[in-house]
Amino acid sequence: MPPVTEAPHSTEAALELLVHGVGGATPQSMLRDPRVARVTGDATAAIFRRSGDIDAEQHPERYRDRPIEEAYCWSNLTSGNGSRALWLLLLPFMVVNLAHWMRPTAKGRTRAVRLYGVLVRLVALSLTVLLTAAACEVALDLVAWQCAGAPECSNQRSWLGFLSTAQGGWWSQPGRRLALAALVPTLLVGLLWFLSNRTWSAYESQRPLNGMEPDEDVLDNGTEATPTTEGPGAEAPAAATSVVRPALGRPGFWYGRRLVARLRAAHTAAGFLTVAASVAGAAARHDRAVTGPVPEFLGQLIEAMLVLGTLVVLWVVCRRGRSERRLDNRLDGAVISWLPGTALALLVVTTVYAAWSRPGWVSAGTLPGDVTFRVLTVGQGMLVVALAAVALGLYRRTPEPRTVMYGLGGPAVAMLACALGGVMTGGVAQRVADWLDGPGTPGMGRSSLIDGPPVLLSWQASVIPVLLALLLVPAVVLGVRTWLAARAMEPEVNKEYGEKRPDAARTRQIARTRALAGLTDSAPWLLGLVSGATLLLGAGAVAGAWVSGEVPGLALDGAGPFIESVAEAAQSTGSWMIGFGFIVFVTCGRRAYRDASTRRTIGILWDVGTFWPRAAHPFAPPCYAERAVPDLASRMSGWTGRTRGRLVISGHSQGSVLAASAVWQLPAEARKRVALLTYGSPIERLYGRWFPAYFGPGPLHGLHRSVHCWRNLWRATDPIGGQVRLDVGAGPEVDRGPLRDPLVYGRTPEHPLPEPVLGHSDYQADPVFAEERAALLVRLEPVLPRQTDGVSGETQSLSGDL
C-alpha cells in the first residue's frame with residue numbers, strides 16, 4: 001500500500017468502489033454513463049470515474065445524497081491481448097495449481113500441511129514431465145525413429161527425405177536423427193520457461209509499494225498469531241482461537257517471487273532432463289548390446305548424471321513451499337541460475353554422444369515410451385492416493401460440514417488435471433501417428449507403416465467411452481431430481497407472489513430457474529464420481545497394457561465376437577474422441593487469438609482458475625489477483641488516508657472475492673472506514689466449500705469482525721452467488737435474501753412489460769441494492785465531526801446510534 005503523502009482532511013463525500021465479476025465489464029456500463037475518465041491505472045487494469053466526478057473531493061456538497069462512484073476494470077488481466085488465448089493449452093497446469101489451495105482447514109498440523117503441498121508439487125512436476133515426454137514421443141519416436149527409419153513411410157513425405165535410411169545420408173543414422181529431433185521438445189521447454197519468466201517479471205516480481213503494510217496476524221485474545229504455512233520454519237497456530245487476519249491478509253501472500261522462481265528452474269531442468277533421457281536411452285542400450293566405436297562407460301556416465309540431476313530437481317521441488325509471513329525478496333541464485341543451465345548442458349552432451357557414428361545401428365520397433373508413460377501414470381495415481389489420505393486426515397482433525405467431499409476436493413481436482421494432461425498429450429500422439437501411417441491403423445498390424453504410439457495411450461483412449469457411459473447414470477439421476485425439485489417449487493412460487501390466478505408457464509419458468517441454480521451444489525459429487533472412475537479406469541488401462549503388451553483391439557482377440565467388436569469400437573471411438581478433444585482445444589485457442597469476444601468468453605475460465613498464485617506449477621497462467629488485490633488495497637488505503645472519508649467497496653461475483661481479499665490486506669486504520677457490499681458472491685458457496693483453509697468459516701468470521709460492516713445480497717435463482725452463512729449473534733446480519741427475482745410476477749401498471757429473471761446479473765437494478773448501500777454508509781461513522789445543521793446532524797446522530 002502507498003504511504004500517506006498528504007495531510008488528511010475531512011470530506012463530506014463518500015466513495016463507492018465498484019468491482020465487476022467474471023467476463024469483464026466496461027467502465028461505461030458499470031458507471032451507467034458513456035462519458036468516463038481514467039483516474040489511475042493503465043490499459044491493463046484501471047480505475048474510472050464519470051467525467052463530471054473527477055473533482056468530486058473538491059465539491060462535497062454535490063454528493064450529500066449519493067456516493068462518488070468509481071469502477072475498477074480488471075478484465076484485460078485475463079482476456080486482454082490475443083496471445084493469452086494460448087493459455088488454454090496450459091489448462092492442466094492451472095487445474096493442478098488449484099489443487100494446492102483446496103486443502104482442508106488445518107489447526108496444529110504443520111507437517112501434514114507441508115506434506116500436502118509437497119505431494120501437489122510432485123503431481124505438478126509429473127505433468128511437466130508428461131508434456132515433455134509426449135513431445136519426445138511425437139518428435140523422437142514417431143517421426144525420427146519409426147517413420148524416418150521405415151522407407152515406405154519416409155518416402156511418402158519429402159520433408160523427411162534427408163533423415164530417411166533409404167537415402168543413406170549423414171543424418172540417416174538413428175542417433176543423429178534423435179539428436180536433431182530433440183530440438184522440438186527442447187524448444188517447447190524453452191518456450192514454457194520464457195513465458196513463465198516473462199509473466200513472473202510482470203506479476204510475482206512486482207513488489208508492493210513501501211509504506212503502510214497489513215497488521216500482523218491477530219487472534220481474538222489480542223496475541224500474535226503464527227501463520228499456517230508449509231515453508232520451512234512454520235509452526236502450528238495457537239489452539240482453540242480463531243484468527244482475525246487469515247492467510248490472504250499476510251504481507252507476502254500476493255508476492256510469490258521466490259517460490260515461482262525456484263519451481264520454474266526445477267521444471268525447466270526436469271524438461272531438459274526428460275529430453276536427454278529419451279535421447280541417451282536408445283544410444284546407451286545399443287552400446288550395451290553390441291561392441292562398437294563408442295565406449296559403454298560413456299552411456300553409463302551420462303545415465304548416472306541424469307539420475308543425479310533428477311534427484312536435485314526433486315530436492316528443489318520438495319525443499320521449500322510458500323513464504324507468506326513477510327515480503328520475501330530473496331532469490332535462490334544458485335538454483336535459478338545453475339540448475340536449468342546445467343540440465344541444458346547435459347542435454348547438449350547427450351545429443352553429441354547420441355550423434356557419434358555407430359555403423360550398423362538400425363532403428364526398429366519403438367523407443368521405450370511404454371515404460372515412460374506407464375511409470376508416469378502409476379506415479380501420478382500413487383501421488384493422488386497419498387494426497388487423498390493426507391487431505392482426509394486433515395479434514396478429520398478439523399471437520400467443517402460445508403467442505404466439499406470431506407476434504408477430498410484437492411485430490412479430485414489433481415486427478416482431473418492428470419486426466420486432462422493425458423487427454424491432451426495422448427491426443428497429439430494419436431493424431432500424429434494416424435497422419436504418418438496414412439490409411440493404416442497404428443498398432444493393429446494391418447497395413448500399418450509404423451508401430452504407432454505406446455500401447456498404453458491406446459488403452460487410455462479406450463476407457464474414455466466407458467467413462468462417458470458410466471456418467472450417463474448420475475446425469476440422468478441429476479436431471480430427474482432437478483425436474484422433481486422444480487415441480488415441488490411451483491406452489492411455493494405462487495404463494496410468494498400472491499397471485500390469485502397464476503400463469504402456469506411463468507411459474508414453471510421461475511421454479512425451473514431456481515432448481516437449475518441449485519445444480520451448482522451437486523457439482524462436487526459429480527466431480528468426485530468422475531475423478532474416482534478416472535482413477536479406477538486408468539489403473540485398469542495400465543494393467544491391460546502391461547499384461548498384454550498390445551492395443552485393446554488385438555489383446556482381446558479370441559475372447560468372442562461380441563467382446564472383440566466392443567474392444568475395437570472402444571479403441572477407435574476413444575482414439576477419435578481424444579484426438580477431437582485436442583483439436584477443439586487448438587481451435588478454441590486459435591479462434592480466441594483472433595476474436596476478442598471469444599477471447600473474453602475463454603477469459604471467464606481464467607477469471608476463476610487464475611485467482612490463486614502459482615504455488616504448485618510455474619508454467620500455469622499467472623495470477624491476476626497479484627495485480628488486482630494490491631490495486632484495490634492501494635486505492636482504498638490511499639483515499640481513506642487522504643480524505644478521512646467513508647468508502648464502500650462493492651463487488652459482484654468474482655469481484656466480491658477480490659474485494660474481500662483487498663480488505664484483508666488493509667491496515668486496521670483503513671478498515672475502520674471501509675464497508676463491504678457483495679452481491680452474486682461465490683465467496684462461501686464456491687470458495688468457502690472448495691478452499692476451506694482460506695475462505696472457510698474461520699476466515700470469513702475474521703473478515704466480518706475486521707471490516708467495519710458487511711452486507712451480502714443473494715438470489716435463489718443465482719447459480720453462482722449465495723449466502724455467506726455467518727452466525728453473527730446479536731450483531732447485524734450479513735446476508736440479505738433471497739431477493740425477489742423476478743421483481744414482478746406479471747404485467748402491472750408500473751411494469752407493463754414482462755420482467756426478466758435476472759439470476760446472476762443486474763443486482764444493481766434491484767431497489768434493495770441502493771437501500772443497503774445507503775445503510776452501509778450510515779453505519780460508517782465519520783472520523784471528524786460534522787456541523788450539526790438539519791439533516792446532516794440527524795445523520796450523524798443516527799450513525800452514532802448504529
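**Salt bridges, a helix and some backbone details**

Biologist: Quick one to start: does Arg 35 count as buried or exposed?

Modeller: Arg 35 counts as exposed, because its relative accessibility is 58%, where buried means under 20% relative accessible area, exposed over 50% and partly exposed in between, with a 1.4 Å probe and protein chains only. This is a predicted model, in which local features need pLDDT of at least 70 and side-chain atom pairs count only at pLDDT 80 or more, while totals for chains, interfaces and linings use all residues. Residues are numbered from 1 along each chain as its sequence is written, and side-chain values use heavy atoms, with hydrogens and water left out.

Biologist: Which side chain does Arg 35 meet in a salt bridge?

Modeller: Arg 35 pairs with Asp 33 at 3.5 Å, N to O, a salt bridge being a side-chain nitrogen of Lys or Arg within 4 Å of a carboxyl oxygen of Asp or Glu. Asp 33, at 14% relative accessibility, counts as buried.

Biologist: How many salt bridges does a search of the whole structure find?

Modeller: The search gives 25 salt bridges. One of them joins Arg 685 and Asp 521 at 3.2 Å, N to O. Arg 685 lies in the loop between β6 (674–679) and α22 (687–690), and Asp 521 in the loop between α14 (504–517) and α15 (523–548), so this pair ties together parts that are 164 residues apart in sequence. Here helices (H or I, at least four residues) and strands (E, at least two) are DSSP runs, numbered from the N terminus. Arg 685 is buried at 9% relative accessible area, whereas Asp 521 is partly exposed at 32%.

Biologist: And how far apart in helix α19 are Arg 627 and Asp 631?

Modeller: Arg 627 and Asp 631 are four residues apart, about one turn of the helix, and their side chains form a salt bridge at 2.7 Å, N to O. There is also a network of salt bridges that links Glu 16, Arg 32, Arg 50, Asp 53, Arg 66, Glu 69 and Arg 773.

Biologist: What is phi of Arg 32?

Modeller: Phi of Arg 32 is near 55°, which is positive in a residue other than glycine, and Arg 32 sits in the loop between α1 (27–31) and β2 (36–41). Arg 644 likewise has phi near 55°, and its place is the loop between α19 (625–643) and β5 (646–652).

Biologist: Which peptide bond to Pro 738 is cis?

Modeller: The bond from Gly 737 to Pro 738 is cis, with omega near 5°, and Pro 738 belongs to strand β8 (residues 735–739). Asp 741 and Pro 742 are also joined by a cis peptide bond, with omega about 0°.

Biologist: Changing topic, how many Å should helix α9 span?

Modeller: The 24 residues of α9 (residues 296–319) should span 34 Å at 1.5 Å a residue, and the end C-alpha atoms are 35 Å apart, which agrees; the expected span is 1.5 Å times one less than the number of residues.

Biologist: Which residues of α9 are buried?

Modeller: They are Gly 299, Ile 302, Leu 306, Gly 309, Val 313, Val 316 and Val 317. What covers these buried residues includes α4 (110–147), α8 (257–289) and α10 (333–355), with contact meaning heavy atoms within 4.5 Å.
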